[in-house]
Amino acid sequence: AAKARVESNAVVGAGTQLLSLVSLEKSPPEYLPGHVLSLSVVGKDGRSARKPYTVSRVPKAGQIQLLYRVIPEGNATPLLSALQEGDFVDYEGKFHTPIIEELSDCSKVIGIATGSGIGPLLGFAERFLPKEKFFGKRPVKLFAGFRSENDICLHREMNQLRKRYPGMFEWKASLTRPPAGWSGLEGRVTSSLPKMLSQETDLRRTHFHLVGNGAMIKTMQAGLLGAGLSEKQVTTEAFFNFQSQPDTIVVARIIEELSAAVNEQI
């Protein structure tokens, strides 16, 4: 296993933290957003845990950031959340295909996440957008579902990216418990997004990447495919609820909302 030092472990949303690690290896493995690594942590009381985590951001070579939700009754995340600057962790492996390598031949990318799934999507956008010479002018839009306004994480970073790439980067949050006066999207992304997506141009050349809750992913994927998109246009990574089945009622609504828009673009 390789060793890394904790650079920071900031709270970036209610119950969500961003762990920043710097590798101590002379030739550290090169990670990209969407790669998965195995992380081993030992707590102050001697308890230890080893779990896979998805790489969210790679600010520079040898540095990786992991966005994670703290599960108070979990084995690993309470140990992770207690890590402080200067602590050490072990990591190894490089699993899963990074988002940038999963893209189909597309004119734009739409990322849909729940909770901490927004991490690798933001990391992808930060790597992808500056490489216009290599990838061409392909806009990125990110949509993320959260419970409340306090749960929204990395919004400053996403707003900065929007400023840096006007017209090329957009993001929106959808809240299941919106506060009074909330002007953004409301409800689960599987319900709040389809109408908006039906207004998109060039859906047949749009790549969708879905990250987070397996229940959202299965339902959204079934709806997008049912509306006429091809399997290579929809890539996924579930963090939990791996065995979920699509919600057939919601799938039918997504298909109804999107199929006309998809099929008139043939």
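Residues are numbered from 1 along each chain as its sequence is written, and side-chain values use heavy atoms, without hydrogens and water. In this predicted model, local features need pLDDT of at least 70 and side-chain atom pairs count only at pLDDT 80 or more, while totals for chains, interfaces and linings use all residues.

Q: How many bridges join strand 1 to strand 2?
A: Strand 1 covers residues 2-13 and strand 2 residues 16-23, and the two run antiparallel. Arg 5, for example, has Val 22 in strand 2 as its bridge partner. The number of bridges joining strand 1 to strand 2 is 8.

Q: Is Tyr 91 buried or exposed?
A: Tyr 91 lies in strand 6 (residues 88-95). Buried means under 20% relative accessible area, exposed over 50%, and partly exposed in between (1.4 Å probe, protein chains only). With a relative accessible area of 4%, Tyr 91 is buried.

Q: With which side chain does the side chain of Tyr 91 make a polar contact?
A: Leaving aside neighbours within four places in sequence, Tyr 91 is in contact (heavy atoms within 4.5 Å) with residues including Lys 3, Ser 23 and Tyr 31. A polar contact is a pair of N or O atoms within 3.5 Å; within protein, one must be able to donate a hydrogen and the other to accept it, and residues adjacent in sequence count only if both atoms are side-chain atoms. At 2.7 Å, the partner side chain is that of Ser 23.

Key. Two strands pair if DSSP finds at least two bridges between them. Helices (H or I, at least four residues) and strands (E, at least two) are DSSP runs, numbered from the N terminus.
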